[in-house]
Amino acid sequence: MEHTIAGPLGAGSGSGVLITGAAGQLGHALADRYPDARALTRADWDVTNPAPAGLSADLVLHTAAWTDVDGAEEDPQSAAAVNVGGVQHAAELGAPLVVWSTDYVFDGAKGEPYVESDAASPLGAYGRTKLHGEAAAGEQAWIVRTSWLFGATSKNFVRTMLRLGAERDEVAVVDDQRGSPTYVGHLAAATEQVVRLPHGLYHVAAAGDCTWADFAQAIFEEAGLNVRVRRITSAEFGARAPRPAYSVLRSERGAPELPHWRAGLRDCLDALP
Ligand SMILES: NC(=O)c1ccc[n+]([C@@H]2O[C@H](COP(=O)([O-])OP(=O)(O)OC[C@H]3O[C@@H](n4cnc5c(N)ncnc54)[C@H](OP(=O)(O)O)[C@@H]3O)[C@@H](O)[C@H]2O)c1
């Protein structure tokens, strides 16, 4: 998928918007939102390398990332090459830059919504690489921490639940992690507001919060699937990487507010092919 180059900030503004990670779920949503952007997949630019010669932009929307949370525990160096090195290479383009970071920079101990000034303390390798990536973004950047992304494309919890729900009548889902599932279409739309704010760190996630089990229940309800959700603990599920028990993000800096996660879920289901 490659879109033509055109001015993002008005006609004649130069080389336009550049999207990295365009095959990912947020990359897809941004390419829909910025149809004139140049949308690059890993095949076009592996961001562990410096940008291809001659690449320039007026605004870089850098979504390329290592998002395999458990895999990062196995291979933290490769995760860092993408999540830190990749951000550094995107910043080297010298254009205003949006990078996305994660609720997994927090340990979950606060037990109430995390705001931008809260101290980060990642539990796992993925969160550590993303936190270092924030620092690599430079001065000309908006760092958008978000959480529990889902969309109509790529690999995500909603698509996994719909697949499992079509095969089984019961699914076991973790019920001791609480966060805000965020629809990439809503996050992409909010990006247009973020780039009008001063550079800096912002928390942008869906309104409302739930556990993964609540989310699964809502997916089955909205999709009309008769599937029982068996609520289990993180220990029972046994994922390799530890995850925060509570990672709801809210903004104290005037970041855009997103619709409720359940509205995002409905929009996502409507957008499914
Ligand atoms: N997913 C979540 O729940 C979540 C939550 C909070 C924050 N975030 C952050 O939000 C951003 C977008 O996440 P997402 O869910 O859209 O991720 P995603 O669907 O996993 O997409 C990430 C994209 O990055 C690409 N990529 C990986 N390594 C690359 C490399 N070396 N060079 C170029 N491209 C590479 C992947 O390409 P391939 O398709 O070839 O692998 C994939 O298309 C990321 O910064 C992520 O850390 C995500």
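The model is predicted: local features need pLDDT of at least 70, side-chain atom pairs count only at pLDDT 80 or more, and totals for chains, interfaces and linings use all residues. Residues are numbered from 1 along each chain as its sequence is written, and side-chain values use heavy atoms, with hydrogens and water left out.

**Exercise 1.** Find other ligand oxygen contacts.

*Solution.* Start with Gly24: a backbone N or O atom lies 3.0 Å from a ligand oxygen. Next take Gln25: a side-chain N or O atom is 2.9 Å from an oxygen atom of the ligand.

**Exercise 2.** Describe the shell around the ligand.

*Solution.* Among its 24 residues, Leu26, Arg42, Thr67, Tyr126 and Lys130 come nearest; near means a heavy atom within 4 Å. Sort by class: 11 are nonpolar, 10 polar and three charged. Then sort by element: strand 4 gives the largest share, three residues.

**Exercise 3.** Is Thr102 buried or exposed, and what does Thr102 touch?

*Solution.* Locate Thr102 in strand 4. Thr102 has 5% relative accessibility, so Thr102 counts as buried (under 20%; exposed is over 50%, partly exposed in between; 1.4 Å probe, protein chains only). A polar side-chain atom of Thr102 lies 2.9 Å from the backbone nitrogen of Tyr104. Beyond neighbours within four places in sequence, Thr102 contacts Tyr126, Lys130, Arg145 and Thr146 (heavy atoms within 4.5 Å).

How values were computed:
A polar contact is a pair of N or O atoms within 3.5 Å; within protein, one must be able to donate a hydrogen and the other to accept it, and residues adjacent in sequence count only if both atoms are side-chain atoms. Helices (H or I, at least four residues) and strands (E, at least two) are DSSP runs, numbered from the N terminus. Ala, Val, Leu, Ile, Met, Phe, Trp, Tyr, Cys and Pro count as nonpolar, Asp, Glu, Lys and Arg as charged, and the others, Gly among them, as polar.
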